[in-house]
Amino acid sequence: MAFPLSSAIISYKHSLNVSITPSFPKPSFLPTQFVFCSNQMPTKDPARPARPRIHCLSKKTLSEELADRHDFPTNFYLSICRHGIKKLENTKVPRTGELALRKAIPANTSMKTIQESLEDISYLLRIPQRKPFGTMEGNVKKALKIAVDEKDSILASLPTNLKEKGSTLYASLIDGKGGLQALLESIKDKDPDKVSVGLASSLDTVAEIELLQAPGLSFLLPKQYLNYPRLTGRGIVEFTIEKGDGSTFSPEAGGELRKTATIQVVVDGYSAPLTAGNFVKLVIDGAYDGAKLNCTDQAVLSDSGLDKNGYNVPLEIMPSGQFEPLYRTTLNVQDGELPVLPLSVYGAVAMAHSEVSEEYSSPYQFFFYLYDKRNAGLGGLSFDEGQFSVFGYTIVGKDILPQIKTGDVIRSAKLVEGQDRLILPNES
């Protein structure tokens, strides 16, 4: 049975001397089914509907428990079962940080169509036993046709100073060793391993081209937020983590035990420019150097940073299919409203809520989310999906996250890439 991450963070904020893990009731040994309930939680934004709670009911006694609930109309439950659950099950939520970051790049429409055709193959490869190679072949041929037919318009969307690099990448995408033609041959050979390797190579090239097409924000920030730091692209932050009790991290392959370990996070300003900007500024200022870490079953949190000076950034979440973030409001996941940067990814990085209001993020405190599909709800989504400002993903050192214990320390946090994309208030 899973519980919202919010309760753990709130407990942590109340006292640094108290365990931040909430007390859990004894687990039921019956299989569970999660359903949406119609008794709604209030919302401070009258323009958005209230958000229903999520309840966990025993599958064996589901009908009996529903019958006992006078506030749970049967027709609402049946409607959710027939429509809402299906909607979530059919939603292709990114399950890795790399995939989420690729999908979040604002790029040329034709490039996005090529990417979507290829991304579908990754889902088809998960089908056990007989793989639908015919469908995969059709997807690659579609991507190839677009790549050839729309070459001029795609390359025209590149900044002048990046056209040469973009043209070289584009040629490799079509005819290169790890390009679409090679991927097509692997599919014809019906070799899933070769297809997987070739697909990864093609998607990496697509992402490189898309990043060249997206040198800055694709939307205008609201005027009231122009005095905040903002990141107008991507950045990479490197954390050096040290054991607080003098113990060691497990060795890398063929290596020795390590007293420190490295974690790298890609910070995405395309989808969360204010949140990412505030975080990157804190990193540059050295605010996280020496910060202690605290752990729950669901997250690794930095300390509260009560003595640190960050900005009170509003909750910032960009919904899928939208061109700009929403501010100071959460998403209605049960209605199919999902974020571009989902929390339901192992190693997702997000800001905790402000102690004053959940419409704002903490000025300082962030966490690494330890997603576990065994504790997720419908469609494999976290119960906290759409409730926090996610601004990046762990791309190096995901194996380190479960080894971190309460009391471990961030020895240093450094911005190794992206400082040229940070705009500070006095520079805007």
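Contact is defined here as heavy atoms within 4.5 Å. The model is predicted; local features need pLDDT of at least 70, side-chain atom pairs count only at pLDDT 80 or more, and totals for chains, interfaces and linings use all residues. Residues are numbered from 1 along each chain as its sequence is written, and side-chain values use heavy atoms, with hydrogens and water left out.

Phe279 touches Val237, Phe239, Val267, Tyr288, Met351, Phe366 and Phe391, leaving aside residues up to four places away in sequence. A second, separate core holds 30 residues, including Phe133, Leu144, Ile146 and Ala147. A nonpolar core is a set of buried Ala, Val, Leu, Ile, Met, Phe, Trp, Tyr and Cys residues joined through side-chain atoms within 4.5 Å. Buried means under 20% relative accessible area (1.4 Å probe, protein chains only). The largest nonpolar core has 35 residues. Phe239, Phe279 and Ile404 touch the most other members. Helix H11 gives this core its largest share, five residues.

Helices are DSSP runs (H or I, at least four residues), numbered from the N terminus. Helix H10 covers residues 192-213. Among the buried residues of H10 are Val195, Leu199 and Glu210. The buried residues of H10 pack against helices H4, H5, H6, H7, H8 and H9.

Key
Buried < 20%, exposed > 50% of the residue type's maximum accessible area, 1.4 Å probe, protein only. Helix = DSSP H or I, 4+ residues; strand = E, 2+ residues; numbered from the N terminus. Expected span 1.5 Å × (residues − 1).
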